[in-house]
Amino acid sequence: MKKLFVIGIGTGNPEHLSMQAIAALNTTDVIFIPTKGEEKSALAAIRTTICERYISRPYELVEYPISARNEAIGDYTQRVFDWHDLIATSYAEMFSKAPEDATGALLVWGDPGLYDSTLRILESVKTRTDLAFDLEVIPGITAIAALTAAFAIPLNTIGNPVTITTGRKLAAGWPDGADSVVVMLDGNKTYAGIDPENLHIYWAAYAGMGDQILIEGPLAEVRDQISATRDAARARHGWIMDIYLLRQS
Ligand SMILES: C[S@@+](CC[C@H](N)C(=O)[O-])C[C@H]1O[C@@H](n2cnc3c(N)ncnc32)[C@H](O)[C@@H]1O
C-alpha cells in the first residue's frame with residue numbers, strides 16, 4: 001500500500017462527509033472497516049452506507065475485527081496501550097496484504113484528532129514495521145460540533161476557555177477554573193453523581209444521527225430524566241453514544 005487516508009466521517013450522518021472526504025474516497029482502492037459487537041456492527045453499517053453512497057469507482061472493502069480490551073489488566077493506561085498494540089498488529093497484517101501500489105482508507109468516527117487513537121496506532125505501525133505508506137488526514141465533524149449545533153449554542157462563553165474531558169476524569173473532580181466542560185466517553189452517567197449546583201447540562205445521544213435525542217436544563221432537574229432516557233435508548237439500540245456540555249450558570 002503506497003498511501004493511506006484517515007478520513008473523518010462525522011458522527012453517523014452520511015451528510016457530515018466533506019467534499020474533501022468524498023474526493024479522497026474516490027481515489028481509494030481498499031477501505032478497511034472495523035467490525036465486532038453490536039455497536040461496532042451498527043457503526044460498520046454506517047461506514048458501508050457512506051461507501052455505497054459516495055464512491056463511484058471500483059473498490060474493495062476489507063473487514064477486520066477490533067480486538068476487545070483485556071479488562072484483566074488493572075492499570076487503565078497499560079490496558080489501553082496493550083489494546084492499541086493488538087490493533088497495530090492487525091493493521092500491519094491487513095496493510096501488508098494490500099497491493100503495493102494501492103491507496104487505502106480508514107474511516108474514523110468524528111474527527112481523527114479527537115479522542116481517537118488511530119493516528120497514534122498508525123505511528124506505532126510505522127515505527128515497528130517496514131511498511132512505508134504516506135499518510136493523509138481528512139478532518140471530520142466532531143461529536144462536540146454535532147452537540148452544539150443540535151442545541152444551537154456556542155461551545156464557549158465569551159472569551160473563556162473550554163475543557164474537554166472524559167467521564168472518568170470528571171468523576172475525579174470539576175476541572176479547576178472551568179465554566180464550560182464537555183464530557184465524552186462517559187459510560188457511567190458521571191453527571192448524575194456530581195454536585196449539580198449552578199450547573200446547566202446540554203445532553204445529546206446519537207448526535208447528528210436520525211435517532212438523535214436531546215435533553216437540556218438545570219442538572220439537578222433533568223439528570224434523572226437523562227438517566228432513564230439513556231437506559232431506554234441503550235436497551236433499544238443495543239449501544240449508545242452520548243456527549244454533554246456542563247455550563248456553570
Ligand atoms: C472514541 S470517541 C470518538 C470521538 C470522535 N473522534 C469525534 O470527533 O467526536 C467516542 C465518544 O464520542 C462521543 N460521540 C461520538 N459520536 C457521537 C454521537 N453521534 N452522539 C453523541 N456522542 C458521540 C461519545 O462521547 C463517545 O463516547
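Reply: Start with A207: one of its polar backbone atoms is 2.7 Å from a nitrogen atom of the ligand, a polar contact being a pair of N or O atoms within 3.5 Å. The ligand's oxygen atoms come in too: one is 2.8 Å from a polar backbone atom of D111, and a backbone N or O atom of A143 also lies 2.8 Å from a ligand oxygen. On its own the ligand has 570 Å² of accessible area, and the protein covers 90% of that (Shrake-Rupley method, 1.4 Å probe).

Bear in mind that this is a predicted model, where local features need pLDDT of at least 70, side-chain atom pairs count only at pLDDT 80 or more, and totals for chains, interfaces and linings use all residues. Numbering runs from 1 along each chain as its sequence is written, and side-chain values use heavy atoms, with hydrogens and water left out.

Now for the whole shell: 16 residues surround the ligand, each with a heavy atom within 4 Å of it. D111, A143 and A207 are among the closest, and so are L114 and D242. By type, the shell splits into eleven nonpolar, three polar and two charged residues; here Ala, Val, Leu, Ile, Met, Phe, Trp, Tyr, Cys and Pro count as nonpolar, Asp, Glu, Lys and Arg as charged, and the others, Gly among them, as polar.

And where does the ligand lie? Domain 1 (3-141) and domain 2 (144-248) both give residues to the shell, so the ligand lies between them; those bounds come from an automatic or database domain assignment.

Notes
Polar contact = N/O pair within 3.5 Å; in protein donor to acceptor, adjacent residues only side chain to side chain.
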